[in-house]
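Here are my notes on this model. Please read them with the structure open.

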Amino acid sequence: MTTSSFVAIRYFLRSHIPFWFSFLLLLFGMLPWRVAFLSHFAIPFVYASLFFWTVFRPDLISAPAVFLLGLSADLLTISPLGYYTFLFLIFYWAVLLERRFLIKRPFIFLWGAFSAFVCPLVLCQWMLASLLNLKLLSLLFFMGQGALLMASYPLISILCAFLYDRYLED
């Protein structure tokens, strides 16, 4: 192989780090937790990763990549096809629309902004799940997922920042 082939392969791998990291978070969130209060939650860690990458490197996490993440989540869970795809894309586009306002802000502001995005997301998940089940589901389950997601944002953003600094900063 020539040097240019190695450069092309390296560029391809580096440019897909946000997608693969988000996919790993999707799998990690589906693990069966042996902690009493976490056993019923499949924590959608992907939203924290989508938020980070959409704010800081939207060129590396595109709508087709988000669609593939959503489709993967739909196929790996027992949710109806299109449930997570729709939610991931809505979340991605909402963050992308506000990106200019979020860029170059301190961490605590971004954490608050992420929490502000999660609140309507929780309501949207609850309404969509209730509609698909043709009955009102308990909002507490979705609020618990949202609270765990908000609490996990600092750790996930640190991991994303490490990947950004180590592999993606030009």
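1. Start with tyrosine 47. Its contacts (heavy atoms within 4.5 Å) include Tyr84, Leu87, Phe88, Phe91, Phe114, Leu121, Gln125 and Leu149, leaving out residues up to four places away in sequence.

2. A word on the basis. This is a predicted model, where local features need pLDDT of at least 70, side-chain atom pairs count only at pLDDT 80 or more, and totals for chains, interfaces and linings use all residues. Numbering runs from 1 along each chain as its sequence is written, and side-chain values use heavy atoms, without hydrogens and water.

3. Now the largest nonpolar core. It has 47 residues, and Tyr47, Phe51, Phe88, Phe91 and Phe114 touch the most other members. Such a core is a set of buried Ala, Val, Leu, Ile, Met, Phe, Trp, Tyr and Cys residues joined through side-chain atoms within 4.5 Å. Buried means under 20% relative accessible area, exposed over 50%, partly exposed in between (1.4 Å probe, protein chains only). Two or more residues each come from α2 (17–29), α3, α4 (63–76), α5 (83–97), α7 (107–133) and α8 (139–168). Helix α7 gives the most, with 10 residues. Helices are DSSP runs (H or I, at least four residues), numbered from the N terminus.

4. Threonine 54 sits in helix α3 (residues 46–56). Is threonine 54 buried or exposed? Threonine 54 is buried, because its relative accessible area is 0%. Its side chain reaches the backbone oxygen of leucine 50 at 2.5 Å. Threonine 54 also touches Ile61, Tyr92, Val95, Leu96 and Arg99, not counting residues up to four places away in sequence.

5. Finally, tryptophan 93 in helix α5. Tryptophan 93 counts as partly exposed because its relative accessibility is 41%.

Conventions. Polar contact = N/O pair within 3.5 Å; in protein donor to acceptor, adjacent residues only side chain to side chain.
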